[in-house]
Amino acid sequence: MANFPGNFLWGAASAAYQIEGGVKEGGRGRSIWDVFSHTPGRIRNGDHGDVACDSYHRWREDIRLAREMGLGAYRFSAAWPRIAPDGDTAWNEDGFAYYDQIVDALLEAGIEPWITLYHWDLPQTLQNQGGWQNAGTARAFAGYAARMGERFKGRVTHWFTFNEPQCFINLGCASGEHAPGLQLDEDSLEMCWKNFREAHILAAGVLHGVDANNSVGMASTGTVCYPASSRPEDVEAARESTFALPQGVRSFSHTLALDGMREHLDLIGINLYHGVAVRMGEAGPEAVPCPVGGPRTAIDWPITPDALEWGPRFLAERYHLPLYISENGLSCRDQIFLDGKVHDPQRIDFLTRYLRALSRAVDSGADVRGYFHWSLTDNFEWAEGYSQRFGLAYVDYATGERTLKDSGAWYADVIRSNGGNLQAEGTMRCAW
């Protein structure tokens, strides 16, 4: 049976541009994703986030779903351009009022709000001034963080400053696959990393200054390696490979975001979907290829549950900070069946395997305190548009209607039992 501490936090997550819509309502300014998604050829099928899940209008339904599942916490992001349309100090009261409603409704429902300040939607005005290449963006971010901290003091005490800097810098500014679609040289990329780090340090400082009860972290990602066998040499090979720093700043390593910043973090969020099996070869650590025809998700990511054991274990050893799985889940080819329900046994099987692995990390002594499923609802999946469904609730994008999937009902059982329903037999039973 999976074991989790009695105070383990079970939640789900989302991001503003992926769910809100309402991009021209309530005084919201333009973000880099508004511009990028309307650039021909950038997003699959020409999709964009103008409406998305229409959570700008239907946020009460999302909170109802969260309450029905018994979530202990909901991690969502504030849209920076909804708070500061041009990224400066001309604050938008309508934007604050929108998030006031959400925070108050979550608290009334007994769900703890966790706010991510930056989930990739940089105000376009700041991008026009250089974006993350400009040190002024770091100072603007700190001002935004301070204003958010003041507004929600006493109601929100858990903050993620950034979501996946490895992605918004590397995919947004190096490969150009994401907004703002740049392909910068290495010196310019290093400036982006420098300004991001400064932004986090400044924001953490002001959030702590506003309220000593605030806990500030970052949702990081990177290549997690796990041992191909239980041999000690393979364990060491996986540990070494997880924290190896390849040449150049385009690496997707945790260390680029976290090393040297420990004193400015109260906790670490880990966005973890899959990993790489590693063994010790004659010349050193070597990756073990995925088996031919092995299991993969709808977005074609390999299914590797052991990553959710060893990733937290290695990070706990290195950083000695409380850990939260800030994202984990999978995309499936979900549909509404003839009975009006969404049957997604693949998601239930995936989560059972991954959560069992996470319980092994906890048993090993890793200080893992919570898990946020990605995502609460289906949503706009960045460059993939609406082609991928990660949610515990199905969204009909034509009508906005939400339907709780079998996995959502199953996850409610996970929460009620604190992982007790993850035993070897009967795991799937509650979903049908």
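Two strands pair if DSSP finds at least two bridges between them, and the strands and helices named here are DSSP runs numbered from the N terminus (helices are H or I with at least four residues, strands are E with at least two). With that in hand, 4 bridges join strand E4 (residues 158-163) to strand E5, and the two run parallel. This is a predicted model, in which local features need pLDDT of at least 70, side-chain atom pairs count only at pLDDT 80 or more, and totals for chains, interfaces and linings use all residues. Residues are numbered from 1 along each chain as its sequence is written, and side-chain values use heavy atoms, with hydrogens and water left out.

**Helices H3 and H5**

- Two packed helices are described by the angle between their axes and the distance between the axes.
- For helix H3 (residues 55-69) and helix H5 (residues 93-108), the angle is about 5 degrees and the axes are 10 Å apart; axes are lines fitted to C-alpha atoms, for helices over the stretch in contact, and angles run from 0 to 180 degrees between N-to-C directions.
- H3 and H5 are therefore roughly parallel to each other (angles under 35 degrees count as roughly parallel, over 145 as roughly antiparallel, 65 to 115 as roughly perpendicular and the rest as oblique).
- H3 brings Ser55, Tyr56, Trp59, Arg60 and Ile63 to the contact, and H5 brings Tyr98, Gln101, Ile102, Ala105 and Leu106, where contact means heavy atoms within 4.5 Å.
- By class, this contact has 7 nonpolar, 2 polar and 1 charged residues (Ala, Val, Leu, Ile, Met, Phe, Trp, Tyr, Cys and Pro count as nonpolar, Asp, Glu, Lys and Arg as charged, and the others, Gly among them, as polar).

**A closer look at H5**

- H5 has 16 residues and reaches 22 Å from its first C-alpha to its last, close to the 22 Å expected at 1.5 Å a residue; the expected span is 1.5 Å times one less than the number of residues.
- Buried residues of H5 include Gly95, Phe96, Tyr98, Tyr99 and Asp100, along with Ile102, Val103 and Leu106.
- Their cover includes H3, helices H1 (16-19), H4 (80-83) and H7 (135-151), and strands E2 (73-77) and E3 (112-118).
- After H5 comes glycine 110, with a positive phi near 80 degrees.

**Backbone features in the loops**

- Most residues other than glycine have a negative phi, and most peptide bonds are trans.
- Alanine 179 and proline 180 are joined by a cis peptide bond, with omega about 5 degrees; proline 180 lies in the loop between helices H8 (165-174) and H9 (186-210).
- Tryptophan 374 and serine 375 are also joined by a cis peptide bond, with omega about 5 degrees, and serine 375 sits in the loop between strands E11 (368-374) and E12 (393-395).
- Tryptophan 382 lies in the loop between E11 and E12, has a positive phi near 50 degrees, and is buried at 4% relative accessible area.
- Aspartate 54, in the loop between helix H2 (32-37) and H3, has a positive phi near 55 degrees.

Key
Buried < 20%, exposed > 50% of the residue type's maximum accessible area, 1.4 Å probe, protein only.
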